[in-house]
Amino acid sequence: MASIYFGLLALGAALAAPLAAIGAGIGEGMIFASAIQSIARQPEAQGRVQTLMFLTFALVETLFIFGFVIFLILLGKLPTPDQLNTLIQK
Amino acid sequence: MNLQEWPVYLINGIAAALTLLVLGWLAMRQPNVRRPGRMQNFFEWSTAGLTDLFRGALGPNAEQHLPLVLALFFYILFCNLTGLIPSIIGTYPDGKLAEPYITSATAATSTTVALALIVFFYVQYMGIKSKGLLGYLKHFLGPVPFIGFIPLFILFLPIEIIGEFVKPFSLSMRLFGNIYGEDVINQLALGAGSHFFIPAQFVINLLQTFTDVVQAFIFALLTCAYISIMSDTHGHDGHENDFASVEHETANRPDAQLGAVSPAKIGVAGG
């Protein structure tokens, strides 16, 4: 049972950050694309568009950071080699 | 008062605050309006640029909220930037690196949650002060509590209350995750090469600087947005003031009416 628990823990830790990065990457690409397009259309709006771009970039990045923090938390719960040895010997 | 027992983020947080105080004192030792010194000029330039940005986000009554927002920005910026200073000395006998003693104070959840709690209580206090206790409690029922006889507030009430508590949580976790994540990536880059493989860490440090500034700016900007949402006195129509045009605000600013020369006049006179 403990091996199943540790296996699933490792799987969850490995999948947390990449799955979050998929959505974050798509969203941020759309943000920057629209920012670049609107600056190209109207260069004098660059200041305000840039401010909005950074604001929305941080908001979308937050969701990826949540996944990253979960990865870091789960990383601390993985077993040490000594615990694995005692587990395998049982 | 045994300093060895204090947690490292507390000492680093106090050190960042003391650095800010010392820099501020150095800047304003001999304040001069017509010929400012270099430090005073730098602080005035950065503060003026930031107040323009935050004024647009704060809407009316910006002057009374600006000290808190700017203090948050500069303190978080200095706390984040402390993480760039290398301070690992030696290794443990089993090969692990020693813990650095100069870290960013915001890389610990205690600091970020404390900052988010400051913002949370300030925003709630502003809501109560501008709407009154009854109006503040009524705003949780949503913008349209009833449609005819359908009580929509049953849907709005839990969503609004959870939303109010999610805001400081997301503020603190965003800041903590970004800064602590950078720390981890920094140590990973350190471990990928040998102990003193500086070029790998240099690129990560550049990214770290950018993220530090952006996260401090985002914290302050979201504080502005939350304050402006909670302290408008006409219901939920405060969103039209978010990022209002800076020109409209600067026309009413106190120092704009002191006869300052505007760029338009210079252009007309020179052209």
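**Burial, extent and contacts in a predicted model**

Me: In this predicted model, why is B:Pro86 called partly exposed?

Reply: B:Pro86 has 14 other C-beta atoms within 10 Å. A residue is buried at 20 or more and exposed at 12 or fewer, so a count of 14 falls in between and B:Pro86 is partly exposed.

Me: Where in chain B is B:Pro86?

Reply: B:Pro86 lies in the loop between α3 (66–81) and α4 (109–138) of chain B. Its C-alpha atom is separated by 26 Å from that of B:Ala114, 28 residues apart along the chain.

Me: What is the secondary structure of chain A?

Reply: Chain A has 3 helices and 0 strands. Its elements run α-α-α from the N terminus on.

Me: What share of chain A is buried?

Reply: Of the 90 residues in chain A, 9% are buried. To count, a residue needs 20 or more other C-beta atoms within 10 Å of its own.

Me: Which contacts in chain A are between residues 24 or more positions apart?

Reply: Such pairs make up 80% of the contacts in chain A with a separation of 6 or more.

Me: What makes up the contact between chain A and chain B?

Reply: In chain A, 12 residues are in contact with 14 residues of chain B. The side of chain A that touches chain B has 9 nonpolar, 2 polar and 1 charged.

Conventions: Residues are numbered from 1 along each chain as its sequence is written. Chains are lettered from A and ligands numbered from 1 in the order in which they are written. This is a predicted model: local features need pLDDT of at least 70, side-chain atom pairs count only at pLDDT 80 or more; totals for chains, interfaces and linings use all residues. Helices (H or I, at least four residues) and strands (E, at least two) are DSSP runs, numbered from the N terminus. Two residues are in contact if their C-beta atoms, placed from the backbone, lie within 7 Å. Ala, Val, Leu, Ile, Met, Phe, Trp, Tyr, Cys and Pro count as nonpolar, Asp, Glu, Lys and Arg as charged, and the others, Gly among them, as polar.
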